[in-house]
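Subject: Structure for you to look through

Hello,

I am passing on a structure that I would like you to read alongside the notes in this email. Please open the model first, and then follow the text with it in view.

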Amino acid sequence: MTKQRISVIGAGASGLSSIKCCLDEDLEPVCFERTDDIGGLWRYQENPEEGRASIYKSVIINTSKEMMCFSDYPVPDHYPNFMHNSQILEYFRMYAKDFDLLKYIQFKTTVCSVKKRPDFSTSGQWEVVTECDGKKEVDVFDGVMVCTGHHTNAHLPLESFPGIEKFKGQYFHSRDYKNPEAFAGKRVIIIGIGNSGGDLAVEISHTAKQVFLSTRRGAWILNRVADRGYPFDVAHLSRLQHRLSKICGQALTNAYLEKRLNQRFDHEMFGLKPKHRALSQHPTVNDDLPNRILSGLVKVKGNVEAFSETAAVFEDGSREDDIDAVIFATGYSFAFPFLEDSIKVVKNKISLYKKVFPPNLEKPTLAIIGLIQPLGAIMPIAELQGRWATQVFKGLKKLPSQSEMMADISKTQEEMAKRYVESQRHTIQGDYIDSMEEIAGLLGVRPSPLSLAFTDPKLALQLLLGPCTPAQFRLRGPGKWAGARKTILSTDDRIRKPMKTRVMDKSDSAASAVALGRFMLALILFAVIVAYF
Ligand code: FAD
Ligand code: NAP
């Protein structure tokens, strides 16, 4: 039997893992990448390229290596927990090389259109038009995985800022920011307090005369470094904590989280406190921002009402003169221009079953991969989506009826609207553990701590109390990986390894405290598991 041919569009993180998912399912992937290299957003370049996301030179990821890695490919143990963008790219290069993915990628090839074949209702096939060196080609595929990312098109809402056209200084979107050199000694306004706004404010404030960080509703600020120095996502994304927060409900979880965040610094005192709750916005993660505010180098301001040639007037009536530059860190819009016939996106709103499948196709042969804004890392979720999609393409997993999918989409959208502040950046939100477990459930790879409690208590304990790492979804079912157990149990070693740069004697008391801790943990295993279920 001939293999089903799958077109993978884009060779960023989502595209690379999708190619591998196809290979694991014995499908034939053909990946089209418009640029001349892999890595997508994580390949830094001095000049932004059209059609590809663009990052600044200093970007350090805010999801830790144990939580952002692919499920059967841990990040090397000596790599730092929060990697610089160059190391993320190195990791993707290793992944592509070790799984021999490059030979499936056609570089400098842009996908121009993806259309149903006339016999789509029976064949499920797509006609894909590509362009390479000005030459167009048409090919037919049995399935399409769209992996084009959602941080490419700048959202630049200039219409909300009267007078900006008169402003004589420089103004541009954060997509075009590369480094702080041009802002030394300048007075700079940054609009927006997402992760770009926070990072840019901190970086520029090291050499600028003054940075103003303008936010229309404030923000809760999380930090990468959690208790005892563990990465925040490692410390807080365990199944037990997840279960407890479900039992307690959003209100209590928010109250607890906000209390912790205010213990670090009082958000009201720092002018950052929003009206909304901590879990009602996409998290802004920034360890340095409070420090810069406390040093007076970053001043928090409200929304800008209007600009003049040299000044900004804020909604509270205050005014800042002699402004040299304005950076709009106002986020992104996404679109799939090559898919106009099959998918509509209106103000970042899109209807997809489990954020992957358009519900209205006669055959489920088109999947959008990585179109999620999780409270956590995107890559392992995109990988799980790819594993599920390829099983669906093969007919090994079935989708529900169109009406059931539509009902599920409506429910998800209602829940999102209820929880999040209305903003075009909150249309594809998802919690990390919920998103992973949901797709894993559909795919049949969701681990069961309870059933493991009697056969492998050590592993069960780690599944329950440890961080919910991607390898946990390789213990069983399709795509089961023999290295999963070892990888899960050595998580802590890989977290600690990069910090072991100075040899120290372990004191006896520290060693015995660790031993006692382990004993206590083992003792509570059964109690916790019983309580969990
Ligand atoms: P991309 O990396 O955007 O790759 C898409 C690829 O598709 C590109 O190579 C592009 O050239 C190609 N392409 C597009 N259109 C076409 C076409 N028509 N034909 C052919 N090829 C095409 N996520 C996290 O999980 N953790 C983080 O800490 C984090 N930090 C971030 C920091 C910044 C500054 C930004 C902007 C985003 C960050 N993200 C983070 C989100 C980021 O989008 C993901 O990490 C990840 O890059 C998504 O991968 P992707 O493959 O889906 O998309
Ligand atoms: P973002 O998360 O969408 O944030 C955009 C900000 O701009 C929000 O504060 C938003 O406010 C504000 N804004 C939008 N339109 C506005 C308007 N008309 N008037 C005033 N304010 C407006 O965008 P981002 O910060 O560029 O982040 C994009 C993605 O990249 C996110 O996933 C983020 O986590 C990621 N990222 C990660 C890092 C890192 O890992 N170090 C760094 C940068 C970015 P509202 O909330 O009120 O809409």
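Strands here are DSSP runs of E with at least two residues, helices are runs of H or I with at least four, and both are numbered from the N terminus; two strands are said to pair if DSSP finds at least two bridges between them. Four bridges link β9 to strand β18 (residues 325–328) in the parallel sense, and H173 has F328 in β18 as its bridge partner.

A word on conventions: residues are numbered from 1 along each chain as its sequence is written, while chains are lettered from A and ligands numbered from 1 in the order in which they are written. Because the model is predicted, local features need pLDDT of at least 70 and side-chain atom pairs count only at pLDDT 80 or more, although totals for chains, interfaces and linings use all residues, and side-chain values use heavy atoms, with hydrogens and water left out.

**The three-stranded sheet**

A second topic is the open sheet with the order β4-β5-β6, whose three strands pair in the antiparallel sense. Its edge strands are β4 and β6, each of which pairs on one side only, and the twist from one strand to the next averages 25°.

**Ligand 1**

Which residues come nearest to ligand 1? Of the 29 residues around this ligand, they are S14, E33, I61, N62 and I378, where a residue counts as near if one of its heavy atoms lies within 4 Å. Among the polar contacts (pairs of N or O atoms within 3.5 Å; within protein, one must be able to donate a hydrogen and the other to accept it, and residues adjacent in sequence count only if both atoms are side-chain atoms), an N or O atom in the side chain of S14 is 2.6 Å from an oxygen atom of ligand 1. A polar side-chain atom of H151 lies 2.9 Å from an oxygen atom of this ligand. Taken alone, ligand 1 exposes 990 Å², of which the protein buries 93%; such areas come from the Shrake-Rupley method with a 1.4 Å probe, and for residues only the protein chains shown count as cover. Strand β4 gives the most to the shell around ligand 1, namely three residues.

**Ligand 2**

Around ligand 2 there are 27 residues, and the closest are N195, S196, R217, Q373 and S423. A polar side-chain atom of R216 lies 2.8 Å from an oxygen atom of ligand 2, and an N or O atom in the side chain of R425 is 2.9 Å from an oxygen atom of the ligand. Helix α5 (residues 195–205) supplies the largest share of the shell around ligand 2, with three residues.

Best wishes

Notes. Axes are lines fitted to C-alpha atoms, for helices over the stretch in contact, and angles run from 0 to 180 degrees between N-to-C directions.
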